[in-house]
Amino acid sequence: MSFHNPTHKKPAAKWRLGALLPLGAVLSGVAFAAEPPIDANSNDEQEVVLKDVKVKANRDKTTRFKAESSTTGSKTEMALRDIPQSVSVVKKELIESQNAFNLRDALRNVSGLTIAAGEGGRTGDSITLRGFAASSDQYLDGVKDNGQYNRDTFFIEKAEVLKGASSILFGRGATGGVINQVAKKPTGRTGINGSFTYGLYDFKRTAIDAETKYQDLSARLNVMYQDADSYRDYNVSNRWGIAPSFKWDISADTDLTLNLLHQQEEGVFDYGVPMYQGRPAGVPINSFYGFTDNRMMDTDVNVATVALSHRFNSDFSVKNTVRYGDYERKYLTHLYSGAAAYTGADAGTIARSQALRLNTQENVYNQTDFVYKKPLFGFNNTLMFGSEFGWEEYDFKSKNSTGVSRVSIFNPRLTASVTGLAYDFSGTLATDRLTQAQTYAGYVLDQFEISPEWKLLAGTRYDVFDAQQTDRIGAADFNSSVDQWSPRGGIVWQPSKAQSYYFSYGKSFNPSAESLSLSANNANLPPEQNHNYEIGGKWELLDGKLSATAALFRLEKTNARTTSPLDANLQILAGEQSTDGFEAGLAGEVLPKWDVSLTYAYLDSKISKSSSTATGSVSGLLKSFEGMTAVNVPEHSGVAWSTYHLTDNWEVGGGVYYASHRYADSVNEAVLPGYARLDAVVAYHQKHYDVQLNVFNLTDTVYYESGQTNSALPGMPVSGQLTVSFKY
């Protein structure tokens with residue numbers, strides 16, 4: 001076995017359909033209005049003179065950053081104003097404007113969501129949504145996609161985030177909400193778009209988006225290649241992906257789609273710089289503390305999705321979706337295995353650990369969704385019901401390296417390799433386990449119009465979730481079985497087409513094997529229970545060109561896992577955690593040629609009851625979690641992004657990303673400082689090509705995007721990227 005040492009080494013145009021008034025109807029109406037009345041008693045011929053008439057096409061009401069509907073808030077496409085819950089939609093136009101090539105960068109635009117940019121734990125990126133972990137709540141076209149990889153945006157149309165407890169739609173997890181990627185699919189057009197990007201730190205990326213149609217078969221192909229160094233020493237990223245999709249219109253009422261994704265990446269596991277006295281160490285942000293010859297993080301992802309849709313009639317339709325996912329990640333960790341030493345012979349140093357890890361995961365999911373739209377008692381009614389069956393298999397191996405020495409924090413002397421490198425999985429392993437899980441679920445959800453102004457949404461889902469874990473190194477095997485009802489209800493009041501107000505309640509559950517891992521202290525525990533209460537409003541402004549949203553909510557976990565006060569080796573369901581918050585957003589066109597996307601969130605996320613404890617990295621004292629702020633949750637955060645077309649060709653814009661301080665540990669002694677990052681964009685548009693310059697962190701602010709108790713990952717310093725794209 002050998003380890004690679006990676007060497008240093010936008011998509012698509014915006015298609016828009018203008019909404020043109022039929023010319024004949026316009027002229028006929030003008031002619032009728034212009035014709036003088038005819039005197040019935042007169043035989044004189046009337047001379048009709050028509051003045052010159054100028055006919056102007058209506059402006060397309062869709063705006064670049066404003067979404068009208070979502071598929072994530074229910075099991076069918078639904079107008080956002082009809083969904084009694086907060087939904088954020090990041091459209092591809094906003095993704096392209098910001099050069100957000102990673103999903104985590106696109107999700108910065110979502111209020112109440114914090115995403116770490118580093119390796120960040122089990123799922124690659126550590127996501128917190130409304131104060132609760134959401135790392136395993138990842139979906140692709142509404143079907144679970146919880147494998148471990150860094151998600152690229154080259155093949156997605158938009159990213160949708162449904163906030164609040166949502167197990168009725170997605171089963172286990174979905175506490176703070178879910179993240180759903182909507183993939184690009186054939187549209188029936190024929191065309192090709194491509195782009196090439198070059199930036200500082202030798203960033204190179206190219207992408208192609210092409211599609212065509214032949215009779216009843218449509219096809220689309222998205223391809224991406226990226227090769228980049230990093231502002232962090234000894235960090236690189238080499239990634240490529242291909243995502244073909246096909247649609248067969250079998251008949252007027254039946255169609256079959258096939259979507260494929262293959263993505264590979266070679267990168268580096270990097271947790272950043274050490275924490276020192278509860279803050280990121282005051283060292284250059286490029287400082288590397290690992291082993292220069294022991295850098296590896298390889299991922300290989302394959303996802304295939306087949307969906308068959310059939311309309312029995314204008315009222316009744318069904319969609320069956322089958323998803324197969326295969327995820328593999330092999331990597332060498334580099335972790336700080338304890339707090340920095342402040343006194344003694346080791347003062348100014350920190351301990352390190354290293355392990356070779358391999359995880360493979362296979363998912364098979366089948367979802368069947370029925371939609372029945374039929375008036376009831378004279379009012380519109382939409383009934384949604386269906387089932388979900390899933391099988392997941394997660395294989396995890398880990399072997400520790402030996403002889404890993406401490407390292408100086410302020411004057412690190414790097415070595416090429418660790419003395420006892422774990423280079424294969426022979427010998428003694430730290431972990432070797434196989435976890436298998438099965439999901440069986442059925443749901444029913446109904447939206448009923450009580451009157452033209454009032455809509456009621458209510459339903460429930462029943463889940464059976466079983467998990468079995470086999471330990472291959474002699475430790476105990478575990479089994480867990482959970483059955484759970486997950487209700488949801490909401491009422492919407494729409495006094496006018498421009499106003500929508502709602503109240504909703506939703507429930508979710510977190511079983512012990514939610515992330516496909518069990519242990520002796522939690523295998524027999526019932527699931528945690530979560531409740532989301534939310535009241536909000538959604539407004540259409542400026543004749544529908546601008547939308548505004550606001551929501552107040554309380555999300556609470558009533559029986560959180562916590563250490564037993566009688567036995568430190570056991571967990572009990574006696575903890576409590578809650579988030580009280582406010583969110584607001586504004587998206588659309590403020591003035592002609594001026595587009596904005598603004599989001600803000602206030603989150604008060606507290607652990608109100610707990611018997612768990614940890615030793616503070618600064619004080620060295622044993623402290624309780626009770627009364628502490630949840631990890632990775634800033635009290636204030638938001639994004640303001642705006643662009644303006646100076647002319648039909650020239651566009652300028654930019655934005656600010658803001659977050660107040662966050663705690664990186666459960667006893668609130670490790671702190672990541674707050675920050676504000678300023679970005680800018682200048683673009684030149686032509687019919688068949690565009691040139692765009694993005695500048696990140698204009699003021700070269702030093703900030704930290706993510707952190708753990710003993711580590712912090714710095715954010716990008718001032719940088720720039722130039723993108724040239726074509727469209728035909």
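Good morning. Please keep in mind throughout that what you see is a predicted model.

Let me begin with the overall division. The chain is split into domain 1, residues 69-183, and domain 2, residues 191-727. Taken over C-alpha atoms, the centres of domain 1 and domain 2 are 7 Å apart. Contact between them involves 68 residues of domain 1 and 111 residues of domain 2.

An unreviewed UniProt entry gives residues 248-698 the feature "domain: TonB-dependent receptor-like beta-barrel". In the model, that span is 64% strand and 0% helix. Its end C-alpha atoms lie 47 Å apart.

I turn now to a series of paired strands. Strand S31, residues 546-563, pairs with strand S32, residues 571-591, in the antiparallel sense, and 16 bridges join the two. Within this pairing, Arg 554 has Asp 580 in S32 as its bridge partner.

S32 also pairs with strand S33, residues 594-609, again in the antiparallel sense, over 15 bridges. Here Glu 589 is placed opposite Asp 595 in S33.

S33 and S36 are antiparallel and share 9 bridges, with Tyr 602 standing opposite His 636 in S36. S36 in turn is joined by 9 bridges to S37, and these two strands run antiparallel. Trp 641 has Gly 655 in S37 as its bridge partner. S36 and S37 also make a hairpin, this one with 4 residues between the strands.

S4 is joined to strand S5, residues 127-129, by 3 bridges, and Ile 115 stands opposite Ile 127 in S5.

Another open sheet has 4 strands, ordered S17-S16-S43-S42, and is also antiparallel. Strand S17, residues 279-280, and strand S42, residues 704-707, are at the edges with a single partner strand each, so one side of each has no neighbour in the sheet. S17 is joined to strand S16, residues 273-276, by 2 bridges, and in S17 the bridge partner of Met 275 is Pro 280.

Finally, I come to the second largest cavity, which holds about 250 Å³ of space. Its lining is made of 18 residues, and those nearest its centre are Leu 113, Thr 114, Tyr 658, Ala 659 and Tyr 675. By residue type, the lining divides into 9 nonpolar, 6 polar and 3 charged.

Why is this cavity said to lie between domain 1 and domain 2? Both domains contribute residues to its lining, so the cavity lies between them. Thank you for your attention.

Key:
Residues numbered from 1 in each chain as written. Predicted model: local features only at pLDDT ≥ 70, side-chain atom pairs only at ≥ 80, totals over all residues. Heavy atoms only, no water. 1 Å grid on protein atoms, 1.4 Å probe; cavity = no way out; pocket = protein on both sides within 12 Å on 5 of 7 lines; lining within 4 Å. Points joined across faces, edges and corners; volume = space filled by probe spheres on them. Nonpolar A, V, L, I, M, F, W, Y, C, P; charged D, E, K, R; others polar. Domains from an automatic or database assignment. Pairing = 2+ DSSP bridges. UniProt positions renumbered as here; feature names shortened; annotations may be inferred. Contact = heavy atoms within 4.5 Å.
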